[in-house]
Amino acid sequence: ADEVCTSPRDESLEVTLKRCIAFCYDVTVDWAPFVRVTVFADNVNEHQLNVPVYHSMLMCFGEPHDLREQVKCKAVPGTDVQDGLVKPSVFWTRKIPGRSLPFRALAHALLGFFVDLEDADPRKQLLVNILLQMHEACYNCVGRHKEVFEYCVYDLLDAERRPDGRPVPSDRQQAMALVRQHAEIFLDKHKRNALHAAYLSPLKYLFQDIYEIFENLDSHGASFWVAMLKTFFPDLDMPFEDIEQLDIGWAWGAIDFLPMTSHGSAKLALQRFSDPANLSLDWRTVTRDLPRNSPRFEGFGALGAPYLGRFRGLPFRPGPAGFQEALRRIRQQPAMQKAFLPYVERFTSFFQPSILLQRWTFFALSSDRWVGELGPALQRLRADPAPSAVAPEAVEALREELCSVDGEVNVDVALSLLGLAEVPWVPESI
């Protein structure tokens, strides 16, 4: 955000978007505004046929020069296009926190980074999926924009830190900075994995046959559970975009699911999701041998999916006002805090020091940066005085010292290495 505000792009959003479309659909820049495609949704009833890419995205971004256009599409109930028209999304038209620029400036910078790459650069292929998902979100809701933006940021981070051609850290300070950067990336991914294992994966298993709930868990579900955690830990920094003031679908994920997992395959699924060894695994992989076990609820037809398994005492008024009231009650009412405490403990259980060190070790050793950067940096930190060069044999020896061939992690070595790099989240002891 700082970079966008201090060094905005020279070309307009319209020009950048035309260049992106030209690359992704193999047309000329002049032809880009006329590209039309079919947008496929999870639900066949929500497919969009023969819709424009350029004008849909500009309208959704709220680009002032394009608001005169009327972009028609198939009406989809419960989305931003429920009246059959693409509308400016509040996700993109809101201001960047503490800045005067609209949020779409971040999308402009992100698209510009990728489209400016040489066509032969393999990283530029990421732009195809980025543009496809941003366009698809135009026919959905603010929660989907949130989800897509988060994925795009991860693609940007991966592209910016590609190891190709990077020099090995030459001194101790450079080595410390590299290790700390890698450790922070790990922590963000660990938080994301923990949120899925604690809440989203169990909910996906339980509600895999109830489309209205299932399709909203990665967006609105993540929004609710992250906000709930922050009522207990106000300083918690999570790698998710905050849409508390915008989220109209937060109730889709606010489900008291633990009572539904007391027996049968649901109980076994929850045990597997609670196992740190399964962190980062997709919920389908973890439960592939278990039967589908969607809960049954009396009055489902009368109440509707948002009321399944509701927390007693939690308001289910839609919209940001209802969300804020729900968070206020969780924050201030002892009965609500007691109800959510088991859920908080599910998340915090993944942050025991031994688990963090084990997961960091696996993350580090499997990184494409291990041989060329991370391994040499760690070896340089533990040597006194620091060697002028680190031999490949020394990096391989460090790998074997950290983790044996049977997968046993030496957490003491991991703790020592991260301590030498002065990584902020490293515990003082195990």
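Reply:

**Pockets and cavities**

Helix H1 (2-6), helix H5 (104-115), helix H7 (142-160) and helix H8 (172-206) each give at least two residues to the lining of the largest pocket. The model is a predicted one, and what follows is computed from it.

Of these helices, H5 supplies the largest share of that lining, eight residues. The lining of the largest pocket has 41 residues in total, and those nearest the centre are Ala1, Val4, Leu106, Phe149 and Leu156. The space inside the largest pocket comes to about 1200 Å³. Sorted by class, its lining holds 22 nonpolar, 15 charged and four polar residues.

The second largest pocket has a volume of about 900 Å³. It is lined by 42 residues, with Asn140, Cys141, Tyr211, Glu215 and Asn216 closest to its centre.

Rolling a probe the size of a water molecule over the atoms shows where empty space is left. Three cavities of 30 Å³ or more are counted in this model. The largest cavity has a volume of about 80 Å³. The lining of the largest cavity consists of Lys146, Ala222, Ser223, Val226, Ala227, Lys230, Phe240, Glu241, Asp242, Ile243 and Glu244. These divide into five nonpolar, five charged and one polar residue.

The buried residues of H16 pack against H8, helix H17 (370-382), helix H18 (392-402) and helix H19 (411-420). Those buried residues are Ile355, Leu356, Leu357, Arg359, Trp360, Thr361, Ala364 and Leu365. Helix H16 (residues 353-365) has 13 residues, which at 1.5 Å a residue should span 18 Å, and this agrees with its end C-alpha atoms, because they lie 18 Å apart.

Key. Residues numbered from 1 in each chain as written. Predicted model: local features only at pLDDT ≥ 70, side-chain atom pairs only at ≥ 80, totals over all residues. Heavy atoms only, no water. 1 Å grid on protein atoms, 1.4 Å probe; cavity = no way out; pocket = protein on both sides within 12 Å on 5 of 7 lines; lining within 4 Å. Points joined across faces, edges and corners; volume = space filled by probe spheres on them. Helix = DSSP H or I, 4+ residues; strand = E, 2+ residues; numbered from the N terminus. Nonpolar A, V, L, I, M, F, W, Y, C, P; charged D, E, K, R; others polar. Expected span 1.5 Å × (residues − 1). Buried < 20%, exposed > 50% of the residue type's maximum accessible area, 1.4 Å probe, protein only. Contact = heavy atoms within 4.5 Å.
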